[in-house]
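Here is a briefing on one protein model.

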Amino acid sequence: MSSRFLCIHGHFYQPSRENPWLDAIEVQDSAAPFHDWNERVTAECYARNASSRILDSDERIARIVNNYAKISFNIGPTLLRWLARHRNDVYLQILEADAQSRRAQYGHGNAIATVYNHLIMPLATKRDKLTQIQWGIRDFERRFRRRPEGMWLAELAVDLESLELLAAHHVGFTILAPHQARRVRAFSEGTWTEVTEATMDVTVPYRCRLPSGRSVAIFFYDGPLSRAIAFGGLLHDGAEFTARLVARAAAGGPPKILLVATDGESYGHHHRFGEMALSFALQQIAAQNAPTLTNLGAYLTAHPPVHEVEIQERTSWSCAHGIERWRSDCGCNTGQGQHQRWRGPLREGMTWLKEELDTIFEREGRAFFSDPWAARDEAVDIADREVGAVDGFLGRHLTGEQSASRRTTALKLMEMQRQGMLMQSSDGWFFDDISGVETVQVLAHAARAIELAAGFGASLEDGLLEFLRRAPGNLPSYPDGGAVYTALVRPMAVSPERLVAHYAIKSNSMLSPLRGESGSEGKPMLSPPAGGERGSERVYSTLIREQSRDAASAGQHSLVTGRVQVQSMITEEAHEAAYALLHFGGHEVHCAVRIGWSAREYEPVRADLHARFGREILSAIVRRVDAAFGPAYFTLQDLMLEDRRRVLSTLTAQTLTQVEEAYRRLFVEHRPLMQYLRDAKAEIPAPMLVAAVFVLTRDLERELAGSADLPLSGSAFSLVTELQSWGRDVLPERFEPLMRSRLEAALAGNGPARDQLRGANRVLDLADAAGFALNLWDAQNQFFQLVKNAPPSAADELRAVGERLHFNMDRILVDVRAG
């Protein structure tokens with residue numbers, strides 16, 4: 001075995017992007033064509049590293065590999081939480097990669113833990129540092145089913161107190177940048193040597209002895225090579241990347257390790273195809289076993305430190321001024337030519353707010369928990385609301401009567417603390433302007449914490465705003481943090497009344513025939529049964545149980561009244577509520593909501609409204625609704641953005657149906673003339689062509705949206721041919737997603753493999769006929785799984801489809817047979 005070792009570490013992270021009131025990420029148009037930035041970066045990086053391609057000399061796929069099985073990595077808990085909920089396939093591949101690495105590395109897994117939500121540890125209180133480490137460890141244990149050997153510090157921001165807490169929690173090692181070492185010495189020597197990045201030996205682990213007498217191991221990454229990977233374009237050429245790694249690791253003498261560490265997003269998101277350069281390098285290096293690929297836990301066990309180090313406290317890997325990037329206008333930014341004088345007041349405001357929240361938590365928590373802080377340290381267990389988790393947590397920590405009201409108050413205190421943690425995430429200070437999406441996000445967490453604190457008699461918003469008004473912005477539209485808070489943060493708040501209105505509007509069949517889609521977090525929602533007490537429906541992080549519902553219509557107008565129970569799935573707080581929804585036709589709705597109404601209070605109002613509806617003019621009904629429910633009301637504008645778009649799309653579709661009928665009549669009636677003009681090479685009037693293209697396009701869309709269990713019919717091919725015959729291309733931006741989905745559905749079907757392959761071949765034929773290429777990435781992954789399970793009788797079909805999907809089928813079949 002080589003005495004030279006190589007460890008490539010990727011730090012994969014996304015902040016909490018969820019709206020704190022909804023526990024869901026709202027649509028982010030800047031991430032288009034994806035729903036949000038988590039989804040986009042997953043498609044460009046996290047998923048691609050789980051199924052990375054290694055190509056042959058003809059650029060055909062020779063292997064699909066899981067990079068996580070060969071590299072050291074940490075994945076932030078806020079990202080893992082999102083992946084588990086939205087991309088469980090990628091999440092499971094990551095967990096499996098760690099399990100594979102444990103088998104390959106003598107029980108040492110590639111994954112290491114991360115402080116929970118990426119706050120700057122030296123700027124946090126000791127209590128918050130402790131909780132960040134405990135949450136990071138507990139989250140890691142729950143997901144990876146083992147203790148973490150190491151832990152990543154956010155931005156590698158370090159101080160001795162943080163290292164003391166790591167050591168106290170039996171974390172064996174962490175990673176730092178070479179400039180974060182102050183001086184080093186061998187265990188056998190008494191003299192310390194001052195070091196710089198240029199003189200620091202980063203090829204050995206170090207022991208950092210702490211004031212308590214404990215110690216922790218520290219690995220220092222290779223600075224120049226890591227920067228070349230992250231910023232120097234080294235990932236643009238897999239062969240050059242491999243050569244640089246091998247050359248850097250090749251030196252004589254005793255065992256040494258080359259560690260490179262970058263943001264994991266370098267491999268695919270920041271550098272397109274970076275994950276393929278990584279796969280290529282890993283394959284080449286593993287084949288020659290020089291250097292030997294390893295992870296840090298395995299290396300540390302085999303080669304414990306024989307040197308010790310003293311660190312430069314309050315330093316980080318991404319600020320040349322220590323940790324000033326997260327509290328001052330130090331000059332570190334993304335190069336947009338803007339100042340960051342807002343960072344200081346924002347830091348001061350968040351520090352003040354956290355102190356206030358902690359005071360409330362400790363004072364109020366004593367009445368509910370035997371030890372409020374010990375309870376908080378375990379509260380990460382309920383972050384995902386897994387079955388039984390809340391009951392288990394409260395069973396361990398809630399004292400006294402286990403009533404619904406005490407449960408709710410206890411959970412509110414914990415949610416206030418969770419939001420207080422999330423509002424300290426480093427991203428809020430990292431970028432250039434206080435109006436940036438990352439800063440708005442941490443302010444939203446602060447606003448939700450403030451709202452929860454108000455339930456305990458505290459009024460904190462004005463205090464935070466005093467700090468924010470001293471935080472100058474760069475944009476005239478947002479001159480300071482107070483303006484940002486007012487314009488961008490407050491509108492994110494979602495009251496129970498608004499959620500009830502959202503439910504009522506979405507439930508109106510005239511507005512939303514596709515009921516049950518909104519806020520489902522990828523899970524189907526229950527439609528209420530007819531008659532009696534109706535069903536329950538999840539609206540984001542709220543469960544709405546419909547108690548009664550009455551509907552009436554008069555011409556184009558409708559009235560819906562109902563009574564519901566609204567319960568937060570986070571705090572279990574429940575309210576009785578009633579609503580009255582008037583739909584005037586089209587997009588005009590008027591929805592009023594009252595929280596706290598009992599059935600006795602609601603019933604006479606319901607009866608009166610339905611008695612009047614259809615007999616009195618609408619304006620009188622509106623006045624009666626406002627008199628009963630109050631002057632505040634909701635319209636379509638109060639739906640969450642993507643749900644508003646869905647409803648408006650439904651309304652638009654109703655109009656388009658009428659347009660289609662008119663165009664279809666025109667096309668059918670004048671088709672013979674159009675064909676004659678075309679054959680005679682005469683000009684076809686534009687309105688006729690518009691009608692033809694519209695009708696044929698709609699018909700082709702319906703064909704592609706049909707059942708994936710059946711092969712594409714000949715009609716799809718005829719429609720493509722006819723569209724082309726009228727001198728029109730089949731537009732990729734419109735049809736590529738539909739054909740791609742049909743191809744993926746065919747390969748993911750449950751039927752016989754040969755039928756799946758024939759269906760896939762048919763879609764590929766149609767794409768060829770249409771004249772454009774499909775994005776085959778997901779289809780290739782599905783095909784690769786199909787190859788592993790297909791019977792020998794499907795060999796011919798496998799080869800035919802595989803070659804069209806750009807696989808080297810000889811290599812693929814050999815690898816699959818080999819196991």
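Pro291 sits in the loop between helix H8 (274-288) and strand E13 (292-293). Helices (H or I, at least four residues) and strands (E, at least two) are DSSP runs, numbered from the N terminus. The model is predicted: local features need pLDDT of at least 70, side-chain atom pairs count only at pLDDT 80 or more, and totals for chains, interfaces and linings use all residues. Residues are numbered from 1 along each chain as its sequence is written, and side-chain values use heavy atoms, with hydrogens and water left out.

**Cis peptide bonds**
- The bond from Ala290 to Pro291 is cis, with omega near 5°.
- The bond from Ala32 to Pro33 is also cis, with omega near 10°.
- Pro33 lies in the loop between strand E1 (4-12) and helix H1 (37-50).

- Arg385 is not a glycine, yet has a positive phi of about 50°. Its loop runs between helix H11 (372-378) and helix H12 (389-397).
- Glu572 is not a glycine either, and has a positive phi of about 65°. Its loop runs between strand E19 (557-568) and strand E20 (574-585).

**Whole fold**
- The protein has 28 helices and 21 strands.
- Its C-alpha trace spans about 95 × 75 × 50 Å along the principal axes.
- Of the 819 residues, 55% count as buried (under 20% relative accessible area, 1.4 Å probe, protein chains only).
- Among contacts (heavy atoms within 4.5 Å) between residues at least 6 apart in sequence, 68% join residues at least 24 apart.

How values were computed:
Buried < 20%, exposed > 50% of the residue type's maximum accessible area, 1.4 Å probe, protein only.
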